[in-house]
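Colleague: I have a model open and would like to learn how to read it. Could you take me through it slowly?

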Amino acid sequence: MNARPIVATFVGVVFFLPLYLVLVNIFKPSAAVVADPAGLPFPPTFDNLAAVLNRPDHLFTFGLINSIAVTALSVTVLTIFSAMLGHYLARSRHWGAKVAMGTLLCGLMIPVPVIMAPITTVLKWFDLMTTLQGLVLVNVGYYVPFGVLLFTGFVKSVPLELEEAAALDGANRFRVFWQVVFPLLRPASASVTIFLGVWIWNDFLTPLIVLGPDSGTTVTVGVYRAIGQYQSDFGSVFAFMFLATLPILIFYLALQKNFVKGLTGGAVKG
Amino acid sequence: MTQTMRPPARVKARPAPPRRRSGRFLPGLGRFALFALPGLVAYALFVLVPIGMTAYNSLTNLNPFNPPTRFVGLRNYVSLLGDTEFRQALVNTIIVTAIITVLANVGGLLIAMLLDRPTRLYVLLRGVFFTPVVLSSVVISVIWQAILTDDGLLNSALRGLGVDEPPGWLSDPGLALYSIAWIMTWQMLGFCVVVYLAGLQGVPRELNEAASIDGAGALQRFRNVTWPMLAPALTINVVMLLITGFKAYDQVRVITNGGPGNGTTVTMAFQVVQTAFVSNRIGYSSALAAVMLAIVAFISVVVLRFLQKREVSQ
């Protein structure tokens with residue numbers, strides 16, 4: 001008698017309970033949430049979801065647009081910058097490269113609250129406070145060590161002979177990098193995109209402070225702003241959260257497959 | 001590793017041709033400017049310069065609404081020693097960090113061993129445990145707030161079961177901090193599960209079989225075969241959780257805002273942000289931030305080195 005599947009399923013169900021409560025209560029009217037929180041939503045109502053999409057203050061829709069713009073821009077710039085920097089540092093034999101690498105690795109452990117106040121000062125120098133561009137730049141600076149860490153590790157698995165061959169064929173460094181090296185780094189690019197995409201989408205403190213209370217927010221900060229207004233109307237809060245999470249969840253699930261394919265497809269071997 | 005295995009002659013001969021060739025198009029400095037500078041400038045502007053400013057500001061009484069700013073030396077740090085709010089934040093942070101590190105590691109290891117089977121059911125369950133790791137801590141906080149608040153889903157259920165006065169999970173000053181720690185554990189559990197599963201899959205079958213033939217029981221096999229092989233996974237999980245605990249902010253901000261009562265759930269990160277952006281005492285907040293950074297740096301370097309030494313010695 002094997003108890004493992006029963007125990008595993010039981011533990012999994014208990015663990016999943018909070019998420020189950022969210023999923024069922026989105027589709028219930030407020031009264032039913034309080035009366036019967038764990039019951040299935042029959043008949044389901046879509047009022048909660050519709051209310052979030054049709055908010056008069058557009059907290060969700062504007063937040064969604066901001067989140068997509070900030071995440072997409074940050075991740076794109078981060079992938080390009082950290083691939084170039086990671087490749088440069090991995091290949092350079094100059095002592096300065098080691099110093100730069102060490103300094104970048106220190107940045108991996110610095111918590112955001114420690115540097116939040118000076119970050120706002122730096123943004124004010126460039127007049128970028130409360131702008132999406134400012135938020136993108138902060139993300140790029142803060143997450144570049146993580147990108148570099150992943151890319152340098154991966155660059156070492158790309159044979160130097162490939163780059164030499166391309167250089168001998170007359171390609172300059174720029175072409176060697178973009179046409180030979182970068183395509184081979186695809187698995188690293190995929191991991192950087194997945195990790196940073198999820199982290200930046202989910203970030204709370206940085207957009208909360210950088211974008212400020214008056215201008216628009218990201219959807220994640222929008223969830224925080226929404227709970228103050230809904231108080232204990234859990235159905236509406238859950239609907240907001242669900243819609244705010246859905247895009248990044250789809251992104252994660254879609255890319256995760258790609259990522260596994262990239263690792264197993266022999267892309268590294270060239 | 002691979003570099004040390006290469007014959008030294010080839011390493012010496014290698015860099016010459018491409019370097020000379022590319023030099024025509026992009027001299028060394030240009031290459032640096034093109035490839036390295038963009039990332040380095042962004043990092044310098046938004047991490048290095050702010051670190052320097054935090055260090056400098058911690059030696060001043062900077063408050064944008066209360067000029068003039070003066071250099072006060074180490075006075076902020078001396079004030080920290082007698083600051084009871086700081087002491088409470090430090091103790092709270094240590095409690096939260098200790099709880100999540102122990103619970104998520106123990107729970108994560110047990111669940112990983114439970115799910116260490118290749119069939120569909122277990123793969124699905126891994127996904128279940130990993131889901132909260134992908135969600136925002138704001139979302140996690142709101143879910144648990146709805147469950148644990150006084151008239152929330154848990155207490156409604158408890159009342160339904162006949163409990164007249166269910167606990168105030170988030171409103172009882174003696175309980176709220178533990179509720180926060182529990183919520184963080186729930187979110188980080190899946191991370192530990194995945195790391196331990198990867199570690200378990202690296203334990204060679206033959207080792208366990210050999211130990212089994214030699215007469216080792218399940219417990220002995222775990223202690224002497226599996227557990228030593230999990231040392232790298234333990235290192236990752238412990239360091240990750242210690243750092244997560246020490247920078248805990250989101251959950252406090254969303255769920256309790258430092259309350260109930262007098263700062264019963266204030267963590268160091270929360271105090272740093274409140275002092276800077278609510279009280280506007282940037283100078284004092286910078287000293288707090290510097291202490292917090294020192295602790296995180298200590299964990300990252302000393303604990304990491306200790307655990308890695310343990311990996312090697314085993």
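Predicted model: local features only at pLDDT ≥ 70, side-chain atom pairs only at ≥ 80, totals over all residues.

Colleague: What is the mean pLDDT of chain A?

Modeller: pLDDT is the predictor's confidence in each residue, from 0 to 100. For chain A the mean is 87, with 93% of its residues at 70 or more. Over residues 262–270 of chain A, however, the pLDDT is below 50.

Colleague: What radius of gyration does chain B have?

Modeller: The radius is taken over C-alpha atoms, and the globule rule is 2.2 Å times the number of residues to the power 0.38. Chain B has 26 Å, whereas a compact globule of 314 residues would have a value near 20 Å. The C-alpha trace of chain B spans about 75 × 70 × 35 Å along its principal axes.

Colleague: How many of the residues in chain B are buried, as a percentage?

Modeller: A residue is buried if 20 or more other C-beta atoms, placed from the backbone, lie within 10 Å of its own. In chain B, 38% of the 314 residues are buried.

Colleague: Which residues does Val142(B) contact, leaving aside neighbours within four places in sequence?

Modeller: Two residues are in contact if their C-beta atoms, placed from the backbone, lie within 7 Å. With those neighbours left aside, Val142(B) is in contact with Val223(A), Ile227(A), Val237(A), Met241(A) and Val254(B).

How values were computed
Residues numbered from 1 in each chain as written. Chains lettered and ligands numbered in written order. Buried ≥ 20, exposed ≤ 12 C-beta atoms within 10 Å, placed from the backbone.
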